[in-house]
Amino acid sequence: MSTDGAPTAPSDDLLNRRIIDLVSRGDARSRSDLASILGLAPSTVGLRVQSLIDARLLRERGEGTSRGGRRPRLLELDGDAGVVLTADIGGGHARIGVHGLSGALRDVRTIPVVLADGPVATLDAVCAVFDDFSRGTVVRAIGVSLPGPVETRSGTVHQPSRMPGWPGFSVIAHLAERYGATVAVDNDANLAALGEHREQFGLGGHSITVKAGTAIGSGIIVDGAIHRGATAAAGDITHTRIDASAGRACSCGNTGCLETVASGASLVRQMQEQGRRDVARTGDVLQLAADGDPEATTLVRTAGTHLGQALSGVVNFFNPHAVFLTGSMSASEPFLAAVRSRVYEACHPLVTQQLRIERARTGADAVLCGAALWALDNLELPVVR
């Protein structure tokens, strides 16, 4: 709202992105649909749409049904205008995707990588797949997720663990020079949150997405956009203190963090401390729990309770529409049930009245979907004058 109470017109960039979102989701099929949904004059919408057609982001495809006047020209994203490439780079492997301009995932490939080999070697391996995916077409944008804190303007990681050679290296500059495309970089939890939120709510609403696997991370979405906080550390619940942690030392240098009792790595350690030397990975613990092993099931449920306790303070304070869980541990029903139970028990009834706590729809593709959307959000769009 403006200072006199009148509605404030959206910016050029925001309006263009809203138009693209409505068309890509199928909510608007013509200029008249857009004008009705956006509450803008048809002439204003017409100028915006034409600029997006000129930029080869939208195209017309025949005529729709008349509602008493001229038959409307139908709109769709220009599927021949290029692709978006994405990479979800983890500690031992990278998932690489190719998307249309709506952000829809077309194909995925997984390759082994070793972060300790440094950024150039890692990105060379990723780019080999990028080149294969983009052969014969134009790369419009690239989105990359990294497993550490990211300075998004430069695409560098800062204070990462187990990433020698990466601090100060600009992933954005490196890839932009090679492909001449828009490049956007963020951490995996933020991009998982963006991918899941946009799938469920589009450009509005508030949510928290927790990526629970070998490690724990989370991303916060406010009004459809990533909330990073003053130093890009928003959502880092993994270092929330848990009283039941028995003061275990954490990699951050403190003791009693959520990571030490609720992450997949902590469950593996706890099983091994109980003499279960057959357990080497998070998946081993989850499979044992699924098979009814009492020790594994108890640990998984307890981990869910600890995560629910850490989330309850955030949920009470933030009052989101939804909490989404992704990562390998989200596939465990005992884990999910324990998170739900603790949050609903510990939060104010008004906060949980309409709160959804559920497994992410995007599943393993959440980060890639979010990376594509983040890249598209950074794509330079035409300005109407």
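Predicted model: local features only at pLDDT ≥ 70, side-chain atom pairs only at ≥ 80, totals over all residues.
Residues are numbered from 1 along each chain as its sequence is written, and side-chain values use heavy atoms, with hydrogens and water left out.

**View 1. Packing of helix H8 on helix H10.** Helix H8 covers residues 264-273 and helix H10 covers residues 294-318; helices (H or I, at least four residues) and strands (E, at least two) are DSSP runs, numbered from the N terminus. Their axes lie 11 Å apart and meet at an angle of about 145 degrees. Axes are lines fitted to C-alpha atoms, for helices over the stretch in contact, and angles run from 0 to 180 degrees between N-to-C directions. H8 contributes Leu267, Gln270 and Met271 to the contact, while H10 contributes Glu295, Ala296, Leu299, Val300 and Ala303; contact means heavy atoms within 4.5 Å. By class, 6 nonpolar, 1 polar and 1 charged residues take part. In this classification Ala, Val, Leu, Ile, Met, Phe, Trp, Tyr, Cys and Pro count as nonpolar, Asp, Glu, Lys and Arg as charged, and the others, Gly among them, as polar.

**View 2. Packing of helix H10 on helix H11.** H10 also packs against helix H11 (residues 333-346), at an angle of about 35 degrees and with the axes 7 Å apart. The crossing of H10 and H11 is right-handed. Among the H10 residues in this contact are Val300, Ala303, Leu307, Leu311 and Val315; from H11 come residues including Phe335, Ala338, Val339 and Val343. By class, the contact of H10 with H11 comprises 11 nonpolar, 6 polar and 2 charged residues.

**View 3. The aromatic pair of Phe130 and Tyr179.** Rings of Phe, Tyr and Trp (its six-membered ring) pair if their centres lie within 6.5 Å; planes under 30 degrees apart count as stacked, over 60 as edge-to-face and the rest as tilted. By this rule there are 2 aromatic pairs. Phe130 and Tyr179 form an edge-to-face pair, with 6.1 Å from centre to centre and 75 degrees between the planes. Phe130 belongs to helix H4 (residues 119-133) and Tyr179 to helix H5 (residues 171-179), so the pair ties together parts that are 49 residues apart in sequence. Both Phe130 and Tyr179 are buried (buried means under 20% relative accessible area, exposed over 50%, partly exposed in between, with a 1.4 Å probe and protein chains only).

**View 4. The aromatic pair of Phe201 and Phe324.** The ring centres of Phe201 and Phe324 are 6.2 Å apart and the planes stand at 40 degrees, so the pair is tilted. Phe201 lies in helix H6 (residues 188-201) and Phe324 in strand S13 (residues 322-326), and the pair links these distant parts of the chain, 123 residues apart. Phe201 is partly exposed, with a relative accessible area of 25%, whereas Phe324 is buried at 0% relative accessibility.

**View 5. Residues of the loop between S12 and H7, with Arg228 and Trp374.** Arg228 lies over the face of Trp374, at 4.5 Å from the ring centre; a charge sits over a ring if NZ of Lys or CZ of Arg is within 6 Å of the ring centre and within 35 degrees of the ring normal. Ala234, placed in the loop between S12 and H7, touches Arg228, and its contacts also include Ser218, Ile220, His227 and Gly229, not counting residues up to four places away in sequence. Ala234 is partly exposed, with a relative accessible area of 21%. Ala232 is found in the loop between strand S12 (225-227) and helix H7 (259-262). Phi of Ala232 is near 65 degrees, a positive value in a residue other than glycine. Thr231 lies in the loop between S12 and H7 and is exposed, with a relative accessible area of 59%.

How values were computed: Left-handed = near helix turned anticlockwise from the far one by under 90°.
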